[in-house]
Amino acid sequence: MTPPHPTYRVIQWGTGAVGIEMITAIIDHRTDIELVGAKVYSETKHGKDVGTLVERDPIGVLATAVAAEAIAMSADCVLYTPRTANLDEVCTILASGKNVATTAFLFHPRRLPASGRDRLLAACEQGGTSVHGSGLNPGNLSGVLPLALSGMSRTIDKITLQERADWSVYESTGITFDNMAFGQPVEQISPTTNAFLAFNSSIFSEQVWFLSDALNAGIDEVTATVEAVAARKDHQVFNHVLHAGTTAGQRWNWIGRRHGEPLIEIETLWTVGGEYPDHWPRPKDGWTLTIEGDPSMRTHFFSLASFTRPASMEEHVRSANVATAMQVLNAVPAVCDAAPGFATMASLPLVRSLVGFGHSTVSERGDR
Ligand SMILES: NC(=O)c1ccc[n+]([C@@H]2O[C@H](COP(=O)([O-])OP(=O)(O)OC[C@H]3O[C@@H](n4cnc5c(N)ncnc54)[C@H](OP(=O)(O)O)[C@@H]3O)[C@@H](O)[C@H]2O)c1
C-alpha cells in the first residue's frame, strides 16, 4: 500500500484577495494541508475565526494581527501574501523553522543585492528552511511556462513575454491610482515614481535575470523603461475619475541584453479607461509568450471563471487571483520537502494541482 502523504501545517500571512483564495482552497479541498494560523493586518480581523473571515464555517483557528504571535507558532510553511513584502520579516520566519511560499517577491533571490541574498540564505540555514516565490506573473507565465516550452527548443534567440491588460475592471482602485500612479501627470511616471513602482519594476527585472540564468542567455544588464500615455477624455473607474490629460496608459519594458543585443524582454501594456494607444503593439488581452529560435513558438494565455457557464466580470477578474494563489499553494509540499535555501521555479519539480479532478483525496493518492 502506498504510504499516505504527510500533512503540511501552514500559516496564512495576509488575508487579502490572494490569501482568501488559498484559505478557501485549503478548507474546501485540501486534505494534505492544515491551516494552523493566520496573520492579518486589519485590527478588525484580529481574533476572528479564519473560517468566518472567508465566509465558511468556523475552523477553530483565530487570526492575529500580532506578527510575533504568528512567528511563535509551530508550522511547516508560511503562505506569505501581504500587500507589501518585508525581507526582514521573511528572514525571521525562515529562521524560526518555517518554510516560506510567497506570491509577493523573491522570484529569483539569487539576483538580489548581496546583503539581502546573504541574509535570506543565513536565515534558511539557521531554520533548516527554504523559500519559494511564484504566482501568475511574475511566476508561472514568466518563469515556469518559458522553461516548460524551452524543453522543445534546440536553440533560443529571443524570449518575449507581453502582458496586455485594462485595469478598469479591477475594483482595487487604491492599487490602480495610488500605487500604480494612473491618473497622475505622465511626466511623473518612472521606475522611481514611488516605492511601489520601484518595487514592481525590480521584480520584473528579477524575472528577466531568472530566465537568463536558467537558459544560459548570459545577459550583462537589464534595463527598465516606461512610456506613459495621457487620456483623451475623463473616465469613471469605480469610485474614481481619471481625468483627461493624466496617465491612462503605461507601457513598461524590462530588457535583458548581452553585449547590447536584446535577448529577453518582458513588456506590459497597461491601460485604464479603454483608450489603447495606436502606436503600441497589439497582442491579445492576457499574456503572449514568444520564443524566437529553433523552433520558434508562440502561446497565448488568459484565465476566466469559466469558458462555458455565464459569470460576472468580478468572477472573471478573480480567476487571476485563483491562479496566482494556486501556483503557490500547490508548491507547498515541494517547498517543505526541498533542501534548505532557495527553492526556485527552476529547481522545484513541476508544480501541478494536487487536488486536480478531486476524485480521490490527496492523502489516499500517495506519492505520484
Ligand atoms: N506574482 C503574481 O502573479 C501576483 C499576482 C497578484 C498579487 N501578487 C502579490 O501577492 C500579494 C497579495 O496580493 P493581494 O491581491 O491579495 O493584495 P491585497 O488584496 O491588496 O491585500 C493583501 C494583504 O495586504 C494586507 N495589508 C494591509 N495593510 C498592510 C501593510 N501595511 N503591509 C502589508 N500588508 C498589508 C491585507 O491585510 P489583511 O489580511 O488584514 O486583510 C491583506 O492581507 C501582493 O504582494 C501582490 O503584489 C502577486
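1. Helix α6 (140-150) lies across β7 (155-166), β12 (261-271), β13 (286-294) and β14, and runs at about 35° to β13. Axes here are lines fitted to C-alpha atoms, for helices over the stretch in contact, and angles run from 0 to 180 degrees between N-to-C directions. Helices (H or I, at least four residues) and strands (E, at least two) are DSSP runs, numbered from the N terminus.

2. The model is predicted: local features need pLDDT of at least 70 and side-chain atom pairs count only at pLDDT 80 or more, while totals for chains, interfaces and linings use all residues. Residues are numbered from 1 along each chain as its sequence is written.

3. Six strands form an open sheet with mixed pairing, in the order β8-β11-β12-β7-β13-β14. Strands β8 (221-230) and β14 (297-301) are the edges, each pairing on one side only. The twist from one strand to the next averages 10°. Two strands are taken as paired if DSSP finds at least two bridges between them.

4. Individual pairings within the sheet are as follows. Strands β8 and β11 (residues 247-258) run antiparallel and are joined by 10 bridges; glutamate 227 stands opposite arginine 251 in β11. Strands β11 and β12 also run antiparallel, with 10 bridges, and asparagine 253 stands opposite glutamate 267 in β12. By contrast, β7 and β12 run parallel and share eight bridges, with leucine 161 opposite isoleucine 266 in β12.

5. The hairpin of β11 and β12 has two residues between the strands, and histidine 259 takes a positive phi near 50° there.

6. Helix α9 (residues 313-329) has 17 residues and should therefore span 24 Å at 1.5 Å a residue, which agrees with the 25 Å between its end C-alpha atoms. The expected span is 1.5 Å times one less than the number of residues. Its buried residues (20 or more other C-beta atoms within 10 Å of their own, with C-beta atoms placed from the backbone) include Ala320, Asn321, Val322 and Leu329. Among the elements covering these buried residues are α1 (17-29), β4 (77-80), β5 (99-102), α6 and α10 (332-337).

7. An automatic or database assignment divides the protein chain into domain 1 (8-134 + 331-365) and domain 2 (140-308). Their centres, taken over C-alpha atoms, are separated by 27 Å. Seven residues of domain 1 are in contact with 10 residues of domain 2, contact meaning C-beta atoms, placed from the backbone, within 7 Å.

Terms used:
Buried ≥ 20, exposed ≤ 12 C-beta atoms within 10 Å, placed from the backbone. Contact = placed C-beta atoms within 7 Å.
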